Structure formats: C-alpha cells, structure tokens
Amino acid sequence: VFATIRSRALELCAKWEKLSLHAIFLRDIGIPLGLSQRCCSDFWSVLSPAGLRTHSLFENLFAFLTRTSRAIELASSGRSGVTDLILAFSRFIDVYISDYVFTSPIQSQTQTVLGQIDAQLLKDIIKLLSQTSMTFG
C-alpha cells in the first residue's frame, strides 16, 4: 500500500513540475514573443508525455525550437523574431537545466530527482556546456 501511495505521489509531483515548466515557457517565451495558442499547445504536447529528466525531452525541446523558429521565419520577413526566440529559449534551457534537471521546484523532491536523471541527458548537458556540436537521434 505504501509503495502505491509513494508512486502516486511521485507521479503527482512530476505532473506539477511539468505544469510549472510550462508556465515558465508561457511567461518567458510564449506571451512576450506573442506565440500562437497552437504553438504553446504544441509545446505542451512535447512536454507532457516525456520524463523531465530524459534525453528524449531534451532532444524534443530543441526540435520544437527548430520547428518554431522556421514558422516564425516564414511568417515574418525579418530574422529578429527568430533571434528573440533563440535568446528566450536559451534562457529557458538554462532554467530547465538548473531548476528542473538537477533539482526540483518542489524542495522536498530534490533528493528524489537526482536519481532520475538520464545518463544520456547528462552527456547532452556536458556537450552543451562545453559548446561541443550537438547531434540528436
């Protein structure tokens, strides 16, 4: 019984963390850059099925950035919208890594999440921080 309760509690924490990260995306990227509701929903579609501390989410976040920047570039003749998106996304990735991968916005969960970090995600972060070329897939 305790294992079931613990499992459900961890699942609830994971859902809350995803909602919290989505709120940060909306606050820092979606609303300031005037992204469409569809684009913000697409971000949720990327975020919701994945584990927060996995290589696949990290990979999908950058795929989302690529798709969104192409859409912005096609919608406008200038590149300033794309540049703004890339700068905002860079800050968002910083928050994601520091506040969601290596810790938790739920302070009591920080010890728990450290054991959930995917090994490939750690390699991805090291590549990103060392400015090594990143390839996914």
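**View 1. Helix α3 passes helix α4 in a right-handed crossing.** Handedness here describes how the near helix is turned from the far one by less than a right angle: clockwise is right-handed, anticlockwise is left-handed. What you're looking at is a predicted model, where local features need pLDDT of at least 70 and side-chain atom pairs count only at pLDDT 80 or more, while totals for chains, interfaces and linings use all residues. Residues are numbered from 1 along each chain as its sequence is written, and side-chain values use heavy atoms, leaving out hydrogens and water. Helices are DSSP runs (H or I, at least four residues; strands are E, at least two), numbered from the N terminus. The axes of α3 and α4 come within 9 Å and cross at roughly 165°; axes are lines fitted to C-alpha atoms, for helices over the stretch in contact, with angles from 0 to 180 degrees between N-to-C directions. The two helices are therefore roughly antiparallel to each other (over 145 degrees; under 35 is roughly parallel, 65 to 115 roughly perpendicular, the rest oblique).

**View 2. Here are the side chains where α3 meets α4.** On the α3 side, look for residues including Leu-57, Phe-58, Leu-61, Phe-62 and Glu-73. Across from them, α4 brings residues including Gly-81, Val-82, Phe-89, Phe-92 and Tyr-96. Contact means heavy atoms within 4.5 Å. The residues of this contact divide into 14 nonpolar, 3 polar and 1 charged (nonpolar: Ala, Val, Leu, Ile, Met, Phe, Trp, Tyr, Cys and Pro; charged: Asp, Glu, Lys and Arg; polar: the others, Gly among them).

**View 3. Now α4 passes α6, this time in a left-handed crossing.** Helix α4 covers residues 80-101 and helix α6 covers residues 119-129. Their axes come within 13 Å and cross at roughly 140°, and α4 and α6 are therefore oblique to each other. Ile-93, Tyr-96, Ile-97 and Val-101 are the α4 residues making the contact. From α6 come Leu-121, Ile-125 and Leu-128. This contact counts 7 nonpolar residues, with no polar and no charged ones.

**View 4. Zoom in on Phe-25, Phe-43 and Phe-64 to see two ring pairs.** Searching the whole structure turns up 9 aromatic pairs (rings of Phe, Tyr and Trp, taking its six-membered ring, with centres within 6.5 Å; planes under 30 degrees apart are stacked, over 60 edge-to-face, the rest tilted). The ring centres of Phe-25 and Phe-43 are 3.9 Å apart with planes at 5°, so that pair is stacked. Phe-25 sits in helix α1 (residues 2-30) and Phe-43 in helix α2 (residues 37-47), so the pair ties together parts 18 residues apart in sequence. Phe-25 is buried at 0% relative accessibility, and Phe-43 is buried with a relative accessible area of 0% (buried is under 20%, exposed over 50%, partly exposed in between, using a 1.4 Å probe and protein chains only). Phe-43 also pairs with Phe-64: centres 5.4 Å apart and planes at 70°, so this one is edge-to-face. Phe-64 belongs to helix α3 (residues 55-75), so its pair with Phe-43 of α2 links parts 21 residues apart in sequence. Phe-64 is buried too, at 3%.

View 5. Of its 137 residues, 36% count as buried.
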